[in-house]
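Here is a short report for a reader meeting this structure for the first time. Look over the sequence and the 3D view, then read on.

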Amino acid sequence: MTDKTAASSATLGRADLKADKPTWCPGCGDFSVLATYQKLLGEFGWPQETIATLSGIGCSSRFPYFVNTHSVHFIHGRILPFATGLSLSRPDLHPVVFIGDGDAYSIGGNHFDHCARKNLRLTVVVMDNEVYGLTKKQTSPTSPLGFKSKTDPWGSKMTPINPTKKLISSGASFVARSIASNPKHLAEMMRAAMAHDGFSVVECLSECVMFNAGSFDSAVPRKGGEFKLVPDAHDVGDEEAAYALAREKFPGYFGIYYQVQRPTLNESEASLRPESPIRGADGSREQLGATLKNFT
Amino acid sequence: MKTEPEKLETINDAVIRMAGNSQDGIQSVGAMLARLAGRSEMEVMTYMTIPATISGGPSIFQVHMGTGRVLSAGDAADILVAFYQHSYEAHLETLRDGGILIYDSNDVEPDMELLRERRITAAPVPMTSLTIEILGGTGKQKGKNIFLLGTLSRIFRLDMKKVKRLLEEKFGSKDESVLRNSLLALEGGYAYELGDLLKLFSFTPPEPGEASHDMVTMNGNQALAYGAIAAGIRFGAAYPITPWTEVMEILRTELPRYGGSFIQTEDELAGIAAALGAAYGGVAAMTGSSGPGLALKSEAISYAVMAELPLLVVDVQRGGPSTGLPTNVEQSDLNLALHAGHGDAPRVVIAASTVEDCFHLVIEAVRIAREYSVPVIFLSDQALGTRLEAYPLPDLEELAGPGFEKPGPAATHKAYPLDEQTRHLPPGTRIEDGRYPCVTGLEHDEYGHPSANPKNHAAMTRKRAEKLERLARSLPIPEIHGPDSGETLLVGWGSTKGILHEAVSRAAREGQTYSALHVNYINPLPNGLGAIFKNFRRVLVVEMNAPDPNGCGQLAALLRARYCLDRIRGITKTDGLAFRVREVLAMVEAFHETHACPISQ
């Protein structure tokens, strides 16, 4: 990502980026994502006014209220197309989307495939807690088989979505997996995603301590689990190898699964425009006048 | 036996109805006639039907050209062109007594007895065989539409130089033989001996007016697309659906020339969401659809109201409900436009009534959206979207200008101030006091942070409604066509304007005095309508939608609720076809007969 004005801006600190006090439950994994984002914004040095923090609906999507940037809390499932419009029409901005597993893989699932096809300049962090927490425990598209919830009192009978597999097959040009309980690793993944020129997604396991406590323990060493990194030998450009990683049983691998460079829709749309885009009123008038003449 | 020509009939206003199948190219002949009429300073209006099927099926194109104000696409045709026996049989009754029937004598056998009875002049033209002969039999039946154009050019004394120039413009970029063949077919059609017909019928093209001005000839969808560009729209996103699709096809091609983009999205929901994303970015943005798609967009419309984002949402209406009648006309989406969405979600609803309106009124719609930070739903319909009209070349000095200017820094910013109009401040704007706004669909405080405070919700709800009241005060009061008081006022909206005005004129010729009023701004309604209605004993709202238990269509029901006047009644129909003037007059007459006592107040 490039930004010509970055140098002119003073480095943003935590205090600059603090807004409302987070309303998440104590111990929620989402705190770690928020702190990581704020830290990275300082690192990237983007002018504060050029950052747009965007979200959908759910616990994780309360995110924008807790970051002091231009921010949007949109409707359930549709923040990806919203971000599409913003990314295409305002190439000077830095949009980052934070959503949960409901937005990403259920109500808004279709949009992931189409954002990926477009390869927009856009970073998405999915805070996946495998449960609907804001509405107090209903089954999520990533809830494991047998998961008991208020909408599945006998245990879920639906095969959960495998996020990384879905993201790779959708054609996202950057797919990484991380966990909120390992902020160092998360920062590494989000940093790489935010630096990627194209559609980048970080699938981040973020534990819901209230309605899905202990769900990710098998990936947390201090709770007796194993935090298994993507092997060094993995070729991030190899789609088949990425699928092989994604097929691994939970808790699976953490790291960058897939990363390729493809032309972005931002670039290809810009290439349709004349070399000097007609932005001014005079130029527009001249162009439209000439076009309307064809109808006389 | 031949009917003796009665006398030379000189007319300067004629309706030509061409009937064939959808692949015969009658649309393109109709469009060229309309364009030629526009170039000859003639007023022109067209009406067409195309079947929803991909290819084939009966199709008509009707052109009304002449002098003065051509108001409707015409009722009875003066000239009927029938390509096939089924075209002849289906449309003969739309030809006026004493009119002219031009038919392809290779395919049509008219009932001569019937034609004599109705004093119709028959002009047999072997269009198919002559075209094949002229073009060397290679083009199958292609080119017979151009042959017909030649024949009509002769009858209507069109300037052949202009006709040829039009063909050159149309085919010049293609293979050389295409243009050559079309010119041959044209000349063949022009040279064909029409016998007594030309003695019988003389069309006098109007003299170019003194205040001669350039006219553009386009359909409502084209006018809407170019109007949106003139309004400064620089981003759009939508999903294809008939009859809206043509608008997005034009914008997809045109907007990059203006530094903008129009993208086809994966679905209707993504279309409006992407447009809102650009609107949030401060770029004048739009989405659009036809009925079913507008229904899908409704959640995001409520968001746009709550978040106070400016957005243009177009609905080119078709017959409903559900998939309904995709290629027919209906005005049954008004309620949807007014109410699509959940919660108390006041939005602006504007309806275009002419092709010219589609250009100029959409500029106004975008201005309102941006000034009031509100979604504006702009209604067109299938008839308006697809019919060609000629209107004066717009004066681009009034162009609203480019839809985006990077804002300078602001000292401080409240996203939703309670004591003043919301002005959306897009990202990229530096805010000096370091407090950045949230744009949100949650009920919020003035900075856009969540608030469920009861007083705050009441105040914010009021704030969102008040801006429409402010807008209403600035809206023009519609002009009354005809006397400003009397027995009967016909009220309409959308594409029926010309028809209602012509109904008033025709009624006047028949000794009946009606007035007509057309509403463009439907939400909010302009102030002063109630006072106008009180000057008439009957206010009959003419609409192409279904009546409620009171006999009221969708606008009539709205007006009754708003003004509490029992004199407001409905005249409705639901056959999927545009109103004809005589049909409106018959329905008004029937209403008068069944409601003999003038409604008292």
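## Terms and model

A residue is called buried if 20 or more other C-beta atoms lie within 10 Å of its own, exposed if 12 or fewer do, and partly exposed in between; the C-beta atoms are placed from the backbone. The model is predicted: local features need pLDDT of at least 70, side-chain atom pairs count only at pLDDT 80 or more, and totals for chains, interfaces and linings use all residues. Residues are numbered from 1 along each chain as its sequence is written, while chains are lettered from A and ligands numbered from 1 in the order in which they are written.

Helices (H or I, at least four residues) and strands (E, at least two) are DSSP runs, numbered from the N terminus.

## Positive phi in chain B

Most residues other than glycine have a negative phi, and most peptide bonds are trans. B:Arg157 has a positive phi, near 50°. It sits in the loop between helix H5 (144-155) and helix H6 (160-171) of chain B. B:Arg157 counts as partly exposed because it has 13 C-beta neighbours inside 10 Å.

B:Ser322 also has a positive phi, near 55°. Its loop runs between strand E13 (311-317) and helix H14 (334-339) of chain B. B:Ser322 has 8 C-beta neighbours inside 10 Å, so it counts as exposed.

## Cis peptide bonds

B:Thr242 and B:Pro243 are joined by a cis peptide bond, with omega about -5°. B:Pro243 is in the loop between strand E10 (235-238) and helix H10 (245-254) of chain B.

Another cis bond leads from B:Asn523 to B:Pro524, with omega near -5°. B:Pro524 belongs to the loop between strand E21 (521-523) and helix H19 (529-533) of chain B.

## Where the chains meet

Two residues are in contact if their C-beta atoms, placed from the backbone, lie within 7 Å. Chain B puts 56 residues into the contact and chain A 48 residues. Several elements of chain B each supply at least two residues to its side, among them strand E9 (215-219), helix H9 (220-230) and helix H13 (298-307). H11(B) gives the most, nine residues. By class, the chain B side has 36 nonpolar (Ala, Val, Leu, Ile, Met, Phe, Trp, Tyr, Cys and Pro), 13 polar (the others, Gly among them) and seven charged residues (Asp, Glu, Lys and Arg).

Strands pair if DSSP finds at least two bridges between them. Strand E2 (residues 70-73) of chain A and E17(B) run parallel, joined by three bridges. Which residue stands opposite A:Val72? That residue is B:Val439, in E17(B).
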